[in-house]
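Let's take a walk through this structure together, one piece at a time. Keep the 3D view open and follow along.

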Amino acid sequence: MTEPRPISPSPPTVLPEQADPFTTVIGLEVHAQLTTRSKMFCGCATTFGARPNSQTCPVCQGMPGTLPVINRRAIEFGVRSALAFNLRINPSCRFARKHYYYPDMPKNFQISQYEEPLAEDGWLEIDLPDGTTRRIGIQRLHLEEDVGKLVHEGTLETAQASLVDFNRAGVPLMETVSRPDLHSPEEAAAYLRAFRAVLVYLGVCDGNMEEGSLRCDANISLRRREATQLGTKVEIKNLNSFRNVQRALAFEVKRQAAALEAGETIVQETRLWDADRGYTRSMRSKEYAHDYRYFPEPDLVPLVLDGAFVEGIRRELPELPRARRQRFVERYGLPAYDATLLTQSRALADYFEAAVREAPNAKAVANWIMSDLLRVLPADDETAVAGSRIPPAHLGALVRLIDEGVISGKIAKTVFETMWKEGADPRRIVEREGLTQVADADALGLLVDQVIAANPRAVDDFKKGKTVAVKALVGAVMKATQGKANPELANRLLQEKLSNS
Ligand SMILES: [Zn+2]
């Protein structure tokens, strides 16, 4: 996990740099699989990882004579997302056929939305590394069905056979197209992060980029600073992680800048990101909308959304990441950095709040989560947090034990390790292993007397005015109690006894 950014003692030196002659313009298209139990237009299950072709039926296999039926839950999820992204919901929208011949789609067309999408014209606010906030426009949001998956025998280049799995064909997919408001690879990654967090908070997508539940294509172009017209854009496909989004775009910025500087023309095309080799390569010339011969889906009537249906969904919207972060700052007095980190994942934010119910010292709870829990958890997502061997109540109990003076912060670190290993309640561990710190002044007083008697030199130094000598004595007390003594109490007792002797 990343450490809090250190505050630099002096402003960084800025080297005189030649101004970049180009402005980068990036727009992202994000495809999110919706977590409905059944597919977009049929009743097939959508479970990830099922046996190939075990979740199919005549509808999603495109058999003649079958008819699609719109999944109501998918529409709800689409509306929920549209509202969260401040989009205008169209009172009426329509599905359209998008034609293409490719073996992963048995119908040879995909039911999507074209001229009449579910929602248009919204925005998402993102936080940039320099602490500022930017509003990124979202042009449209529409629903469609996912396509099947080709599984190549070996690598794509050398495969002798390719198999097709139709389990994914027909899974509800939500496509959201941002406006070209992003100006750097870092901003693009920040947008995708914020976007993903909203979807996960809404419970409409699991946000799992590795399993392909969230996929992203990027459009990128460069134009000379003084130019008013946009440059030729290139689309990059296959961006399956935040890191790859950033790397692929950074590569493309360099590639296009070099080409433009050399006086070359940028070709409008689709490029594929090769994460292993670290470059993009041309995949095909860009398709245009007319290539797809869109027309309204004749098997579905236009979808008219009742105002009350939309309002009902609006009322049920959960608290979103930005609002939650704000609340963490105001209600728990957390620094903005902590609040941002804890609310990036809904699971982690829930964990924090559950732990604080046990121990009201919110800052201490936040510290334990950020520096200790995130160190042992494999990730900060729902699965990792849900699988934590330390439930929030136990972490809260640990913080409470420290705050009540039962154990020292040092001992707490050891207790934490045992909690992680055993999944046990810290109170039981402390009791079982006799870790309660010696917080009793009488008990500790005797020990302090012994330490004073055994360390004449340090005592002498102290009397000569070397007040730091008391540190060595506190250390001796801690050692004698195997770290169980309350260091503040030991220090106070030592000071008192030395001053009075
Ligand atoms: Zn089906």
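Before setting off, note that this is a predicted model.

Next to it comes strand β4, residues 96-99, which is joined to β5 by four bridges, with the two strands running antiparallel. You can follow the pairing residue by residue: Arg97 has Ile111 as its bridge partner in β5, and His99 stands opposite Phe109.

β4 has another partner, strand β15, made of residues 295-296. These two pair in the antiparallel sense over two bridges, and in one of the pairings Ala96 has Pro296 as its bridge partner.

Now let's turn to a sheet. Strands of a sheet pair through backbone hydrogen bonds, either parallel or antiparallel. Here you'll find an open sheet of nine strands with mixed pairing, and its order reads β2-β6-β7-β10-β1-β11-β12-β13-β14. Which strands stand at the edges? They are β2 (88-89) and β14 (279-285), each with a single partner strand, so one side of each is left without a neighbour in the sheet. For β2, two bridges make the link to β6 (residues 119-127), and the two strands run antiparallel. Look for Ile89, which stands opposite Ala119 in β6.

Helices pack on this sheet as well. Helix α1 touches β2, β6, β7 (133-145) and β10 (172-178), and its direction makes about 165° with that of β7. Helix α2 also packs on the sheet, touching β1 (22-33), β6, β7, β10 and β11 (214-224). The direction of α2 makes about 110° with that of β6.

How do these two helices meet each other? Two packed helices are described by the angle between their axes and the distance between the axes. For α1 (residues 72-84) and α2 (residues 185-202), the angle is about 130° and the axes are 10 Å apart. That makes α1 oblique to α2, and their crossing is right-handed. On the α1 side the contact is made by Arg80, Ser81 and Ala84, and on the α2 side by Val198, Leu199 and Leu202. Sorted by class, that gives four nonpolar residues, one polar and one charged.

Our last stop is another pair of helices, α8 (residues 362-376) and α11 (residues 409-422). Their axes come within 11 Å and cross at roughly 40°, which makes α8 oblique to α11. This crossing is right-handed. From α8, the contact is made by Trp368, Asp372, Leu373, Arg375 and Val376. From α11, the residues taking part are Ala412, Lys413, Phe416, Glu417 and Trp420. And what classes do the residues of this contact divide into? Six are nonpolar and four are charged, with no polar ones.

Definitions and conventions
Residues are numbered from 1 along each chain as its sequence is written. This is a predicted model: local features need pLDDT of at least 70, side-chain atom pairs count only at pLDDT 80 or more; totals for chains, interfaces and linings use all residues. Side-chain values use heavy atoms; hydrogens and water are left out. Axes are lines fitted to C-alpha atoms, for helices over the stretch in contact, and angles run from 0 to 180 degrees between N-to-C directions. Angles under 35 degrees count as roughly parallel, over 145 as roughly antiparallel, 65 to 115 as roughly perpendicular and the rest as oblique. A crossing is left-handed if the near helix is turned anticlockwise from the far one by less than a right angle, and right-handed if clockwise. Contact means heavy atoms within 4.5 Å. Ala, Val, Leu, Ile, Met, Phe, Trp, Tyr, Cys and Pro count as nonpolar, Asp, Glu, Lys and Arg as charged, and the others, Gly among them, as polar. Two strands pair if DSSP finds at least two bridges between them.
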